[in-house]
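Subject: Structure handover

Hello,

Here is the structure for you to look over. Please open it first, then read the notes below it.

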Amino acid sequence: MSTPPENNLSDILSRRPLQSYQRLFSALEDNGHAFSLAPGESAEKNVAAESTIWLISRGVFTVVRESDASWLGTASAPFIVGISGLFSTHGGGYSLMAQNSCQGIGVERDLFFQCIDQHHLWQDVAHIQAWLLELLLFRDGWISSGDAYQMVRRQLLNLMKLPYDIRVTTPVESYIRNHTCLSRSSVFRILSQLRKGKFVLIKKGKLINVARLPEKY
C-alpha cells in the first residue's frame with residue numbers, strides 16, 4: 001500500500017535541519033540588515049538579482065516568480081531564500097510576499113561568504129540546501145502530476161496546513177489558481193462538487209474545514 005503524498009510531505013517538513021538554521025542565524029544576525037513585512041506586503045528588492053541571502057526568522061511567506069507572478073510555494077520560518085542565486089548569474093527573478101507578519105535579515109553575498117568561512121558553517125549550508133532540494137523535488141512532482149482534481153486536492157491540503165489567521169483571510173479559489181495553471185471555471189467546478197459532497201466547508205470564499213478528500217474525482 002503506497003504512502004499518501006501528504007504524509008511524505010509531513011515527513012520532509014519534520015526533518016527540517018533546525019540546528020543548522022540556528023547556527024547560520026546566530027552567525028549572521030549581526031551582519032545583515034533587518035527587515036519586516038506586513039501581511040500581503042512584498043519585499044521591494046529582487047532576491048536573486050540583488051545577490052542577497054534572505055533569512056526569515058518569523059512568519060509565513062510565499063515565493064513569487066516575477067516574470068509571470070506565479071506562486072512557487074509557501075513556507076514558514078525558519079527559512080533561507082537566495083543561496084542558489086549566489087552561485088549563478090541566472091537567478092530568474094523572485095520576490096517574497098508575506099502571508100502574515102514576517103521578520104528576518106538580508107545578508108549581502110560577500111559578507112555571507114565571509115561569515116560562513118569564518119564560522120566553518122559550509123556543512124550546515126550544504127545540509128540546508130540538501131533539505132531544500134528534497135522539498136522542491138517533492139513539490140514539483142506533487143504539483144505537476146495528476147489531473148485538475150489532483151491539483152485542487154493538493155492545494156486544499158496545503159491551504160489547510162497554513163495558520164488559521166492566514167487561511168480564513170485567503171480566498172480559496174485565488175489560492176488554488178495562484179499555485180496552479182488551472183482556469184477559474186475548472187477550480188469553481190471542482191470546489192462546487194466537493195462542497196455538495198460535504199468534503200469541504202467554504203464560507204464567503206474562505207476555506208474553513210476539509211474532511212477526508214476522495215483520492216479520485
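A word on terms first: a residue is buried when its relative accessible area is under 20%, exposed when over 50%, and partly exposed in between. Please also keep in mind that this is a predicted model.

**Overview**

The protein chain has 217 residues, and 44% of them are buried. It holds 8 helices and 9 strands. Take the contacts in the chain with a separation of 6 or more: 74% of them are between residues 24 or more positions apart.

**Helix α5**

Start with α5, residues 148-161. This helix is mostly covered, with 11 of its 14 residues buried. The buried ones are Y149, Q150, M151, V152, R153, R154, Q155, L156, L157, N158 and L159.

Its length works out. At 1.5 Å a residue, 14 residues should span 20 Å, and the end C-alpha atoms of α5 are 20 Å apart, so the two agree.

Look at the start of α5 too. There, a side-chain oxygen of D147 comes within 3.3 Å of the backbone nitrogen of Y149.

R153 sits in this helix. Its relative accessibility is 5%, so R153 counts as buried. R153 and K216 are 63 residues apart along the chain, yet their C-alpha atoms are separated by 9.3 Å.

What does α5 pack against? One partner is α7, residues 172-179. The two helices pack at an angle of about 115°, and their axes are 10 Å apart. The crossing is right-handed. From α5, the residues at this meeting are V152, Q155, L156, N158 and L159. From α7, they are V172, Y175, I176 and H179. An α-helix has 3.6 residues a turn, so residues three or four places apart point the same way.

**The nonpolar cores**

The largest nonpolar core has 38 residues. Those with the most contacts inside it are Y21, L55, F61, F79, I80, L96 and F112. Helix α4, residues 122-144, gives the largest share of this core, with 6 residues.

Leaving out residues up to four places away in sequence, F112 touches L28, I53, L86, V107 and V125.

**H127 in α4**

H127 is in helix α4. At 42% relative accessibility, H127 counts as partly exposed. Beyond its neighbours within four places in sequence, H127 is in contact with P17 and S20. H127 and Y21 are 106 residues apart in sequence, but 9.4 Å apart in space, C-alpha to C-alpha.

**N100, a loop residue**

N100 lies in the loop between β6 (94-98) and β7 (102-108). Is N100 buried or exposed? Its relative accessibility is 15%, so N100 counts as buried. A polar atom of the N100 side chain is 2.7 Å from the backbone nitrogen of V60. Again setting aside residues up to four places away in sequence, N100 touches L37, A38, P39, G59, V60, D165 and I166.

**Backbone points to check**

- The peptide bond from A77 to P78 is cis, with omega near -5°. P78 is in the loop between β4 (70-76) and β5 (79-81).
- H120 is not a glycine, but has a positive phi of about 55°. H120 is in the loop between α3 (109-118) and α4. At 70% relative accessibility, H120 counts as exposed.
- K204 also has a positive phi of about 55° without being a glycine. K204 is in the loop between β8 (200-203) and β9 (206-210). At 82% relative accessibility, K204 counts as exposed.

**Where to begin**

I would open α5 and its crossing with α7. Then go to F112 and the residues that F112 touches. Finish with N100 and its contact to V60.

Best wishes

Conventions: Residues numbered from 1 in each chain as written. Predicted model: local features only at pLDDT ≥ 70, side-chain atom pairs only at ≥ 80, totals over all residues. Heavy atoms only, no water. Core = buried A, V, L, I, M, F, W, Y, C linked by side-chain atoms within 4.5 Å. Buried < 20%, exposed > 50% of the residue type's maximum accessible area, 1.4 Å probe, protein only. Helix = DSSP H or I, 4+ residues; strand = E, 2+ residues; numbered from the N terminus. Contact = heavy atoms within 4.5 Å. Expected span 1.5 Å × (residues − 1). Polar contact = N/O pair within 3.5 Å; in protein donor to acceptor, adjacent residues only side chain to side chain. Axes fitted to C-alpha atoms, helices over the stretch in contact; angles between N-to-C directions. Left-handed = near helix turned anticlockwise from the far one by under 90°.
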